[in-house]
Amino acid sequence: MIGKVCGTGSCVPAEVWDNQRLAEMVETSDEWIRERTGVARRHIARGEETTVYLASKASMNALENAGMKPEEVELIIAATISPDQIMPSTACEIQKNIGAVNATCFDLNAACTGFLFALNTAQAYLSQGIYKTALIVGAETLSNLTNWKDRSTCILFGDGAGAAVLKAEETGIFAQVTHSDGEKGGVLTCTSRNRIDYENHAAAPETYMQMDGKEVFKFAVSKVPEAIDELLEKAQMDVQQIDHFLLHQANERIIRSVAKRLKQSIDKFPINMEEYGNTSSASIPILLDNLNRAGALEKGDKIIISGFGAGLSYGASLIEWQK
Ligand code: ACO
């Protein structure tokens, strides 16, 4: 059995902050941000637009796109590093909001690799025949974890949610590789708000995302092509047979470097970070939904999805587009 994507959805906050707005907050410029990252704008959650709100909307959009009712969903996995609360889980809150009364629900934290891990975990359940349908969601309000005074990180991130519905079928293509390197975890961190400084009633600086950008960059440009090569070998496929490479939208220069290392045209690497910035676990499902709704994916297309991020964690999965 293989879980096939039969619907996608996404939801981003209405408010948009362009680079010019950030240039009024920290010492930076539109030109620097575009040139060094590829980001022009990001969507920022306001008021009722919590992680659960965005996730629930994206989930409903995905179910509608799949032509499925919420009651048909048997498993919900929500990937997030910016949940609204520790408990109940984001997945259980999604279940409540959309009325997926028959689903088993849990969250997963693998930072920017979260959606990929959710996809692989759902595949494991579907391929064993434990569940027949799964809803996987990547949802973030990173604006809550961003230090808006730190120009080395605040220029990168945005808020949003993406979702996909998987249905178990008898035959099809799926392969995956995932890796974690906890030894290098220190290059990308964010401490729990439980460590809040109660004496001063202020959040400690380490409760915002801290990143050694150069190290993360070096890790991504070396490990993503390695994971893709390993995946292709496992699937016994040649890189030329792949129609689309959907990479985590962290930095356009990382994506261009991976395309070059794989000797593939950049046209096979869709990019939407100009509009959304880095939305961590939401970036890949938002991109998948954008492509689906733009009619850019054809039945039978071979798609490699690759994520990388805090942990450190990284990996790649191969799916065949069947919608
Ligand atoms: N505006 C203007 N100047 C800046 C800014 C800014 N926003 N930020 C840094 N600079 C300056 C620096 O101070 C430095 O100046 P100096 O040469 O006088 O010292 C210069 O620009 C170059 O700084 P670098 O840090 O070397 O810039 P770099 O080219 O490495 O770009 C960036 C920084 C964009 C953060 C890059 O390293 C990057 O994208 N790294 C990867 C991040 C990533 O992929 N994260 C994904 C995982 S996220 C997750 O899992 C949640």
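1. Let's start with a word you'll need: a cavity is a set of grid points where a 1.4 Å probe fits but cannot get out. Keep in mind that this is a predicted model. With a cut-off of 30 Å³ or more, the count comes to 1 cavity.

2. So what does that enclosed space look like on the inside? The largest cavity has a volume of about 60 Å³. Its lining includes Ile2, Gly3, Lys4 and Val5, along with Gln123, Leu166, Gly172 and Ile173. Ile319, Glu320 and Gln322 are also part of that lining. Sorted by class, the lining has 5 nonpolar, 4 polar and 2 charged residues.

3. Which strand gives the most to the lining of the largest cavity? That's strand 1, with 4 residues. Strand 13 (313–320) also supplies at least two, as does strand 1 (2–11).

4. Now for the open space. The largest pocket holds about 1,200 Å³. A total of 49 residues line this pocket, and the closest to its centre are Ile81, Phe157, Leu188, Thr189 and Met209. Helix 2, helix 7 and helix 8 each give two or more residues to the lining, and so do strand 5 (104–108), strand 9 (188–189) and strand 12 (302–309). The largest share, 4 residues, comes from helix 7. By class, you'll find 22 nonpolar, 20 polar and 7 charged residues in the pocket lining.

5. Where is the ligand? The space it takes is the largest pocket. Among the elements giving two or more residues to the shell around the ligand are helix 2 (30–37) and helix 6 (151–154). Helix 7 (213–235) and helix 8 (252–261) are on that list too. Helix 7 again deserves a look, as the largest share of the ligand shell, 4 residues, comes from it.

6. Have a closer look at that shell. The ligand is surrounded by 23 residues, and the closest are Thr28, Arg36, Cys112, Lys214 and Asn251.

7. Which atoms pair up with the ligand? An N or O atom in the side chain of arginine 36 is 2.7 Å from a ligand oxygen. In the side chain of tryptophan 32, an N or O atom is 3.5 Å from a nitrogen atom of the ligand. Alanine 310 uses its backbone instead: a polar atom there is 3.2 Å from an oxygen of the ligand. As for cover, the ligand taken alone exposes 1,000 Å², and the protein buries 74% of that.

Technical notes
Residues numbered from 1 in each chain as written. Predicted model: local features only at pLDDT ≥ 70, side-chain atom pairs only at ≥ 80, totals over all residues. Heavy atoms only, no water. Near = heavy atom within 4 Å. Polar contact = N/O pair within 3.5 Å; in protein donor to acceptor, adjacent residues only side chain to side chain. Areas by Shrake-Rupley, 256 points an atom, 1.4 Å probe, with all protein chains shown as cover. 1 Å grid on protein atoms, 1.4 Å probe; cavity = no way out; pocket = protein on both sides within 12 Å on 5 of 7 lines; lining within 4 Å. Sits in = over half its atoms within 2 Å of the grid points. Points joined across faces, edges and corners; volume = space filled by probe spheres on them. Nonpolar A, V, L, I, M, F, W, Y, C, P; charged D, E, K, R; others polar.
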